[in-house]
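Thanks, everyone. Let me put the structure up, and then I'll walk through its salt bridges, its interface and its cores.

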Amino acid sequence: MSKLKQELKEKIIEQLNLEDVSIEEIGDDDALFGDGLGLDSIDALELIVMLDKDYGIKLSDPKEGRKIFESIEVMANYIAANRTK
Amino acid sequence: MSKQNYIRAFSHIKNHVVSLNGEYLYHDEALDFSEFIKRAYKSLDTSYSKFFKMDNLSKLAFLAADVLLEEVNSQEENIAIVLSNRASSLDTDRRHQNSIEDEANYYPSPAIFVYTLPNICIGEISIKHKLLSENSFFIFDHFNAAYLFDYAESLINTKKAGKVLCGWVDFDEENYEAFLYLVSDKGNRIHNKEEITRLYTL
């Protein structure tokens with residue numbers, strides 16, 4: 001699981017162009033949206049595409065993302081339980 | 001009779017140089033555009049958290065506008081924005097096209113797709129400088145001083161805007177060029193087609 005969390009942090013920084021954020025700065029339980037990493041609605045859509053492309057998880061309802069993308073910890077647990085690739 | 005308007009300040013970004021009123025602010029010869037604009041942004045101490053999420057055209061327009069508007073430090077909120085270019089959003093359109101060409105690997109990026117219109121860069125400038133003003137983006141074969149002059153004069157003379165940020169921001173592959181200028185009722189360069197053309201070609 002820690003490997004997956006590390007992988008997610010790397011992907012988030014690279015794919016969401018978080019130029020001034022390092023992996024060490026993202027805590028497993030930090031909020032990804034709002035006061036945490038400050039991600040926005042377009043970032044949420046990018047994360048939905050990432051789940052599909054990299055882990056074979058299709059979210060039928062984008063609102064599901066609100067809970068799944070709460071933190072790296074929550075994301076990693078969801079991906080581990082639902083991934084198809 | 002219309003009042004005389006002036007070009008208060010102007011900025012260029014081209015050939016690895018960021019300049020304001022003809023003076024170099026940043027120069028780095030050996031870099032491609034993405035690295036050049038990133039270093040220029042950091043060097044100029046610009047602050048806008050979404051900068052690195054922008055496409056190339058928006059980064060170009062945003063930085064050219066930011067150095068100019070920060071310099072002028074205007075309290076005027078009603079600054080219209082009238083920009084133009086040749087390539088529209090072609091650079092980003094191509095990136096989007098590449099992401100959807102392969103049906104077996106069809107993953108269009110929302111972050112790229114939102115920039116597949118040239119006027120999105122006006123939105124980025126407006127957000128940073130809290131502008132809720134008139135704006136337009138025109139596509140021309142080449143820089144059109146006459147059209148921009150008439151449009152800016154019309155906006156000011158009909159009181160649709162107090163000032164107008166005008167110019168040219170073009171990005172296509174590795175070719176980039178930004179020239180922005182602020183039309184105002186104050187300044188020391190007369191706003192006319194000849195002066196706009198002269199400053200553009202500096």
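B:Asp185 and B:Lys3 join their side chains in a salt bridge, 3.9 Å from N to O. The term means a side-chain nitrogen of Lys or Arg within 4 Å of a carboxyl oxygen of Asp or Glu. B:Asp185 sits in the loop between β7 and β8 (189–190) of chain B, and B:Lys3 in the segment before β1 of chain B, so the pair ties together parts 182 residues apart in sequence. Helices (H or I, at least four residues) and strands (E, at least two) are DSSP runs, numbered from the N terminus.

A word on the source. This is a predicted model: local features need pLDDT of at least 70, side-chain atom pairs count only at pLDDT 80 or more, and totals for chains, interfaces and linings use all residues. Residues are numbered from 1 along each chain as its sequence is written, chains are lettered from A and ligands numbered from 1 in the order in which they are written, and side-chain values use heavy atoms, with hydrogens and water left out.

Back to that pair. B:Lys3 is exposed, at 54% relative accessibility. B:Asp185 is partly exposed, at 33%. The cut-offs are under 20% relative accessible area for buried, over 50% for exposed, and partly exposed in between (1.4 Å probe, protein chains only).

Next, B:Asp28 and B:Arg39. Their closest N and O atoms are 3.5 Å apart, in another salt bridge. B:Asp28 is in the loop between β3 (23–27) and α1 of chain B, and B:Arg39 is in helix α1 of chain B, so this pair ties together parts 11 residues apart in sequence. B:Asp28 counts as buried, at 18%. B:Arg39 is partly exposed, at 38%.

**Across the interface**

Which residue of chain A forms a salt bridge with B:Lys42? A:Glu19 does, with N and O 3.5 Å apart. B:Lys42 belongs to helix α1 of chain B, and A:Glu19 to the loop between α1 (2–15) and α2 (41–55) of chain A.

Now the totals. Five salt bridges run between chain A and chain B. Over all chains the count is 21. In contact (heavy atoms within 4.5 Å) are 15 residues of chain A and 12 residues of chain B. The two chains bury about 1,100 Å² between them, 55% of it on carbon and sulfur atoms. Buried area is the accessible area (1.4 Å probe) that two parts lose on being put together, summed over both. A:Glu19, A:Ile42 and A:Glu46 supply 39% of the area that chain A buries against chain B, more than any other three residues.

**Inside chain B**

The largest nonpolar core has 42 residues, and B:Ile13, B:Phe36, B:Leu83 and B:Leu165 have the most contacts inside it. Such a core is a set of buried Ala, Val, Leu, Ile, Met, Phe, Trp, Tyr and Cys residues joined through side-chain atoms within 4.5 Å. Helix α2(B) gives the most to this core, with 11 residues. A second, separate core has 23 residues, including B:Ala80 and B:Leu148.

Last stop, B:His12. This residue is in strand β1 of chain B. Buried or exposed? B:His12 is buried, at 5%. A polar atom of its side chain lies 2.9 Å from the backbone oxygen of B:Leu199.

Conventions:
Polar contact = N/O pair within 3.5 Å; in protein donor to acceptor, adjacent residues only side chain to side chain.
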